[in-house]
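Visitor: I would like a close look at one part of this structure, with its surroundings for context. Please go slowly enough that I can follow on screen.

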Amino acid sequence: MSKIAIRINPADAVAVALQPLSKGTQVTLEAMDNVPEVTVTLQEDITAGHKFAIRPIKKDESVIKYGYPIGAASEDIDVGKHVHTHNIHTLLSEAASYSYDEANAKAAYDAWYKETESLRQNVPTVNVYKRADGRVGSRNEIWIVPLVGCVNKISETLANWANAKYCKGEPKPNKKGGLEGFHVWTHPYGCSQMGGDKETTAKILADLVHHPNAGGVLVVSLGCEENNVPYFKEFLGDYDENRVKFMVTQQSKDELSDGKKLLKELASYAKKFKREERPLTDIVLGMKCGGSDGMSGITANALIGRICDAMTGMGGRVMLTEVPEMFGAEQMLMNRCVDRATFEKTVDLINGFKDYYSRHNQVCYENPSPGNKAGGITTLEDKSLGCVQKGGKAPVTGVLKYGERLPQDTTGLTLLEGPGNDIVSTTDMTGAGANIILFSTGRGTPLGAPVPTVKIATNHPLAQSKANWIDFDAAELLDRPSDEVRDKLLALICDIVSGRAVTKNERNGYREIAIFKDGVTL
């Protein structure tokens, strides 16, 4: 690694250590734009991913990183000093005002469109499953969806039986096509819920039933739950009776025998599907980060941002969620909204989540976890500015409420209402229609969504030590040209959605769901 530290933006007051640095080390930061080269002598040991001052910062002065404030100094900070939770405080509050400049937004769009022009000339193709409604699936699996937690174990028993019968006990994608496995999405919900929680449960489960990665779906009900079949069908809407089957276990003398019969019918239907060549832009890409560290906004999230720009530049669809991790960086996204209506929806998205915190008597800025802080993230602004790097420079073209599905005629970057929690937000993106999720991590996590979840490490040590979790090492950005690394990841995405490669979460069987809750449980 040629660099030992990096100044991300020419306006920054801090630099980030790319490796552990000892007190007394002289660090030279290269010139950027009109800002000259600077050499700093460290006055303290600096852990990899952590920040140090590259110019004097006075008490109460904004501390700039990514070109934006990540907080204010709580004391005077000398050059070469460690900059972290002991000498910075947040500038966030529940109330904030936002602005929209249509001329600047158009200029940002024009610049992005010009930068991505070459990508539109050569859109890669992938081999995927074309569904009757025009959407495509990156997998052709049979999903079992319990309507209530009471039937989780019945559903798991049926899935285990079906995988043993049809997949030799090892469900996996097939590059040619056909039946690729049985999966059940267990959860503890569907009954004893008040407020909007029952409706939210039904919406997300209906989204999963409609998901194009499922060639067939068995919906399993107990019978007496609040989220019963008649209620659930109100949210499900139209469906193909050959593709979706229902079983009410209280009405069955032998639910396992009846369930196996229905799965046989679904297997016969789903195994007829074959992969066909389609443009990469037919898939829907989700973006997520979890267990972030000080390298996230420099490597993994920045690389995902390059993928976002490539996908949207080609005319594809990408989703970004984790609304609380936009706090402090939301104006960056608002500046790229394609019109005022989208800007207003984005303001409502941000303020709505702040209201959620306030309703529960919580402040909106106590977000960075102990792991985040250990990795070098100091404030929520610091975390958010790194988080939104996943959106690259792409225009914000839409905003979705939690539980809504992405319209087929949408292109560009869509903001999706949802929390930062890893399992809830990956389920949210799956429900909205993501065929694959890019998941950056600096601390490491085995978690996976129902769809292929590509784990992207922010640093070399994590990629090497947790190779059984990690699919891609984004720290290659520090060693190789960024376009080269972007194209390598893009090729991996094409292989995964085409069934030529398997993500680690799929190989390990780490796939699960969780549904956002905001009400009372009886």
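What follows is one request and one connected reply.

Visitor: Take the open sheet of three strands. In what order do its strands lie, and which are the edge strands? Then move on to the other sheet and the helix pairs.

Guide: A caution first: this is a predicted model.

Start with the strand order. The three strands run β6-β7-β9 across an open sheet. Their pairing is antiparallel. The edges belong to β6 (62-65) and β9 (88-89), each of which pairs on one side only.

Look at the β6 side. Strand β7 covers residues 68-73. Three bridges link β6 and β7, in the antiparallel sense. Another is I64, which stands opposite P69 in β7. The two strands form a hairpin, with two residues between them. Y66 sits in that turn and has a positive phi of about 60°.

Now the β9 side. β7 and β9 are also antiparallel, paired over two bridges. Here A73 stands opposite I88 in β9.

Return to the pairing of β6 with β7, which has three bridges. Helix α10 (residues 380-387) packs on the sheet and touches both β6 and β7. The direction of α10 makes about 165° with that of β7.

Next, the other sheet. Four strands make up this open sheet, in the order β1-β2-β5-β8. The pairing is again antiparallel. At the edges stand β1 (5-6) and β8 (82-83); each has a single partner strand, so one side of each is left without a neighbour in the sheet. Inside the order, strand β2 (residues 14-17) and strand β5 (residues 51-53) run antiparallel and are joined by three bridges. V14 can be found opposite A53 in β5.

Now the helix pairs. Begin with helix α2 (residues 152-166) and helix α5 (residues 255-270). They pack at an angle of about 50°, and their axes are 10 Å apart. α2 and α5 are therefore oblique to each other. The crossing of α2 past α5 is right-handed. On the α2 side, the contact is made by I154, T157, L158, W161, A162, K165 and Y166. On the α5 side, it is made by E255, L256, G259, K260, L263, K264 and A267. By class, the residues of this contact are eight nonpolar, two polar and four charged.

Step into the loop between β15 (244-248) and α5, where Q250 is found. Q250 is partly exposed, with a relative accessible area of 47%. Leaving aside neighbours within four places in sequence, Q250 is in contact with L222, G223 and C224.

Then take helix α3 (residues 197-210) with helix α4 (residues 229-236). Their packing angle is about 65°, and their axes are 9 Å apart. That makes α3 roughly perpendicular to α4. α3 passes α4 in a right-handed crossing. From α3, the residues K198, E199, A202, K203, L205, A206, V209 and H210 take part. They meet Y231, F232, F235 and L236 in α4. The residues of this contact divide into eight nonpolar, one polar and three charged.

The last pair is helix α6 (residues 300-313) and helix α13 (residues 482-497). Their axes come within 10 Å and cross at roughly 70°. That makes α6 roughly perpendicular to α13. L303, R306, I307 and A310 are the α6 residues in the contact. Across from them, α13 supplies S482, D483, V485, R486, L489, L490 and I493. This contact has seven nonpolar, one polar and three charged residues.

Finish at helix α14 (residues 504-508), which holds R507. R507 is exposed, with a relative accessible area of 57%. R507 and N468 lie 39 residues apart in sequence, and their C-alpha atoms are 9.2 Å apart in space.

Note on methods
Residues numbered from 1 in each chain as written. Predicted model: local features only at pLDDT ≥ 70, side-chain atom pairs only at ≥ 80, totals over all residues. Heavy atoms only, no water. Axes fitted to C-alpha atoms, helices over the stretch in contact; angles between N-to-C directions. Parallel < 35°, antiparallel > 145°, perpendicular 65-115°, else oblique. Left-handed = near helix turned anticlockwise from the far one by under 90°. Contact = heavy atoms within 4.5 Å. Nonpolar A, V, L, I, M, F, W, Y, C, P; charged D, E, K, R; others polar. Pairing = 2+ DSSP bridges. Buried < 20%, exposed > 50% of the residue type's maximum accessible area, 1.4 Å probe, protein only.
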